[in-house]
There are 2 protein chains.
Amino acid sequence: MPEPRIPAAQLCRFITAAFERQGLPPGDAATVARLMTEAEVQGSDGHGVIRLVPYSKRIQAGGLNLRPDIKVVKEKAGMALLDGDNGMGHLVMEKATRIAIEKARNCGVAWVGARLSNHAGPASLYARMALAHDMIGMYFAVGNANHLPPWGGLDMLLSTNPIAVAVPAGEEPPVVLDMATTVAAYGKVKAKAQRGEQMPEGWMIDRNGQPLTDPRRADEGFLMPIGGYKGYGLSMIVGLLAGTLNGAAMGSEVIDFNKDQASITNTGQAIVAIDPDAFGDVDEFKARVDKLVRELRGSERMPGVDRIWVPGEQSHARKIANERDGLQLPAALRTQLDAFARELGIPLLQDH
Amino acid sequence: MPEPRIPAAQLCRFITAAFERQGLPPGDAATVARLMTEAEVQGSDGHGVIRLVPYSKRIQAGGLNLRPDIKVVKEKAGMALLDGDNGMGHLVMEKATRIAIEKARNCGVAWVGARLSNHAGPASLYARMALAHDMIGMYFAVGNANHLPPWGGLDMLLSTNPIAVAVPAGEEPPVVLDMATTVAAYGKVKAKAQRGEQMPEGWMIDRNGQPLTDPRRADEGFLMPIGGYKGYGLSMIVGLLAGTLNGAAMGSEVIDFNKDQASITNTGQAIVAIDPDAFGDVDEFKARVDKLVRELRGSERMPGVDRIWVPGEQSHARKIANERDGLQLPAALRTQLDAFARELGIPLLQDH
């Protein structure tokens with residue numbers, strides 16, 4: 001029997017309670033919970049409530065500042081730099097995105113970087129925030145563990161450094177790209193290992209440059225960048241823009257947040273807001289996006305292909321279904337959350 | 001015997017004369033010639049003087065406006081939109097980049113888009129212009145011929161839509177990424193065909209999704225995006241930012257400029273300038289870039305790998321060598337340029 005579906009609002013209350021109990025101020029707990037629930041709703045389940053226990057471990061190890069003073073340390077008309085004061089990344093990037101949108105309304109385009117931030121969930125979460133304002137959002141981040149060596153190298157000095165871009169459409173779903181600069185995200189490798197499956201060739205290589213397909217041997221190799229040396233370059237550039245530019249960790253400064261719960265990660269992220277209304281009529285822009293989306297979707301398909309998808313369409317459909325029907329959490333995750341609720345002394349998810 | 005090397009200044013005078021003879025105002029001819037020569041000097045030979053004859057064909061077919069009124073049609077503090085009036089792309093993007101740099105000095109970050117532009121040479125040319133101002137440059141463009149279908153599709157509705165990013169360093173060469181969103185640029189396929197070589201698997205597929213390795217059969221298939229569906233998404237997003245946002249051609253509106261010399265291409269491009277000085281001390285930023293570059297370069301190598309390269313290092317080395325020793329043009333290109341000079345009635349390259 002499948003687990004009963006959980007309304008998103010119920011999950012949100014549960015996460016809020018869990019963070020409040022651990023000492024986050026109620027408003028901050030609610031903000032983080034809302035964003036983690038949104039991640040779950042849009043189908044980014046690797047970055048949703050599954051992170052509650054790891055985030056909490058970091059809180060309990062003293063690796064996160066529960067009362068951060070998140071402040072603008074540098075500012076011009078079209079940019080700001082936030083010091084996250086080692087607060088939860090969601091709080092830092094939610095504030096960063098609000099500032100970027102506000103500045104873009106005046107300047108047309110605005111870029112807000114952050115340092116001393118932390119893991120903030122899926123990259124598209126913040127890029128998507130721009131959509132409600134009829135703006136384009138772009139997000140860059142330095143990943144929180146290095147899994148990628150430079151091209152031809154063996155030292156894992158780079159992370160999966162993701163890029164997300166969200167573009168508003170008119171009647172069509174927004175176009176949303178959310179991609180790691182590696183062929184597979186590390187979470188996908190972990191999922192293959194859990195399911196006892198082999199990885200396809202091209203995801204990882206071993207230290208001799210040979211394909212590595214057994215996910216249980218993941219520690220003996222590294223992720224492959226997309227397009228070979230191109231993805232290596234892209235990962236480095238994203239790291240320069242999201243990390244180095246902001247004075248955040250990059251290269252060997254990046255700590256593996258899976259293994260080290262207590263050290264300050266000094267995570268770097270950046271959000272860019274672009275107001276299409278500055279470039280011309282925003283409705284005309286959205287109509288042009290619709291036209292392009294329909295043209296791609298309606299184009300001729302390769303034999304055996306049922307449908308051509310536009311980036312973001314599948315997560316949009318999941319979002320609608322999850323909002324309507326509630327969220328389906330895997331049984332193992334439910335069990336983990338129940339155990340964690342008992343440990344914290346808060347009501348179980350089902351009782352929220 | 002190898003062809004004698006040509007000093008860059010001599011090539012620049014030759015290109016200037018060729019464009020002047022075809023009716024470009026002297027100042028504009030000199031600007032285009034300088035940028036085409038720079039492309040050659042930095043080793044982007046697929047986008048350098050080899051384009052003189054194709055550009056000229058377009059001029060002679062009436063497909064380029066020789067006296068364009070390149071003007072700002074939309075403007076805010078952190079952005080501008082240029083109408084290129086179908087002038088040469090180099091003129092449009094040189095102006096766009098100057099405006100972006102000027103605005104970034106005030107706003108910290110600025111984004112300038114262009115429509116009714118044309119092919120402007122290698123993407124990195126404009127991103128690199130920011131370096132002389134200690135700024136980061138980012139460039140996006142819609143390619144001038146569609147070679148890529150949507151993922152799972154057969155209709156070539158997308159181009160190689162390149163991205164370039166240039167980041168200033170201190171003592172190290174700048175970090176410069178210049179990449180098509182396809183595994184191989186179309187120029188590389190043409191070069192393989194000319195040399196009678198096969199392509200590696202992964203560059204192109206045929207209409208059944210099977211690997212296509214014979215470059216003479218390139219017309220029967222299409223380029224592969226980097227990282228599969230990720231590269232498809234990236235190409236679409238670059239096209240939305242550089243094309244659709246600016247009211248420039250995208251999707252089926254893109255004409256193949258190799259086959260159609262007379263129609264207005266309505267090429268879209270965008271340049272972003274980011275001033276690291278707005279984010280903190282620019283010298284400290286450049287020192288951090290140096291540190292990262294050295295860390296990557298000095299890291300452990302895979303067996304058989306001589307050296308780890310950082311993006312932009314090889315073109316930087318070529319630039320230094322070409323400036324010092326002059327440019328080495330292939331014999332076939334020299335012959336073509338000599339014939340073209342005679343046709344125009346201007347002195348041969350060697351006599352400039």
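Axes are lines fitted to C-alpha atoms, for helices over the stretch in contact, and angles run from 0 to 180 degrees between N-to-C directions. Helices (H or I, at least four residues) and strands (E, at least two) are DSSP runs, numbered from the N terminus.

This is a predicted model, in which local features need pLDDT of at least 70, side-chain atom pairs count only at pLDDT 80 or more, and totals for chains, interfaces and linings use all residues. Residues are numbered from 1 along each chain as its sequence is written, while chains are lettered from A and ligands numbered from 1 in the order in which they are written.

**Exercise 1. Determine how α2(B) and α4(B) are oriented to each other, and which residues join them.**

Step 1. The axes of α2(B) and helix α4 (residues 89–107) of chain B cross at roughly 85° and come within 9 Å.

Step 2. Angles under 35 degrees count as roughly parallel, over 145 as roughly antiparallel, 65 to 115 as roughly perpendicular and the rest as oblique. α2(B) and α4(B) are therefore roughly perpendicular to each other.

Step 3. Two residues are in contact if their C-beta atoms, placed from the backbone, lie within 7 Å. On α2(B) the contact is made by B:Asp28, B:Thr31, B:Val32 and B:Leu35, and on α4(B) by B:His90, B:Leu91 and B:Glu94.

Step 4. For the classes, Ala, Val, Leu, Ile, Met, Phe, Trp, Tyr, Cys and Pro count as nonpolar, Asp, Glu, Lys and Arg as charged, and the others, Gly among them, as polar. The contact of α2(B) with α4(B) accordingly has three nonpolar, two polar and two charged residues.

**Exercise 2. Characterise the packing of α1(A) and α2(A).**

Step 1. Helix α1 (residues 8–21) of chain A and helix α2 (residues 26–41) of chain A have axes 8 Å apart and pack at an angle of about 140°. That angle makes α1(A) oblique to α2(A).

Step 2. A crossing is left-handed if the near helix is turned anticlockwise from the far one by less than a right angle, and right-handed if clockwise. The crossing of α1(A) and α2(A) is right-handed.

Step 3. The residues of α1(A) that meet α2(A) include A:Leu11, A:Ile15 and A:Phe19, and among their counterparts in α2(A) are A:Ala29, A:Ala33 and A:Met36. By class, this contact has twelve nonpolar, two polar and three charged residues.

**Exercise 3. Describe the side of chain A that touches chain B.**

Step 1. Chain A and chain B contribute 63 residues each to the contact.

Step 2. Elements of chain A that each supply at least two residues include β1 (71–76), β3 (109–117) and α8 (282–297). The most is given by α7(A), with seven residues.

Step 3. The residues on this side of chain A divide into 37 nonpolar, 18 polar and eight charged.

**Exercise 4. Is A:Ala100 buried or exposed, and what does A:Ala100 contact?**

Step 1. A residue is buried if 20 or more other C-beta atoms lie within 10 Å of its own, exposed if 12 or fewer, and partly exposed in between, with C-beta atoms placed from the backbone. A:Ala100, found in helix α4 of chain A, counts as buried because it has 31 C-beta neighbours inside 10 Å.

Step 2. Leaving aside neighbours within four places in sequence, the contacts of A:Ala100 include A:Trp111, A:Val112 and A:Ile271.
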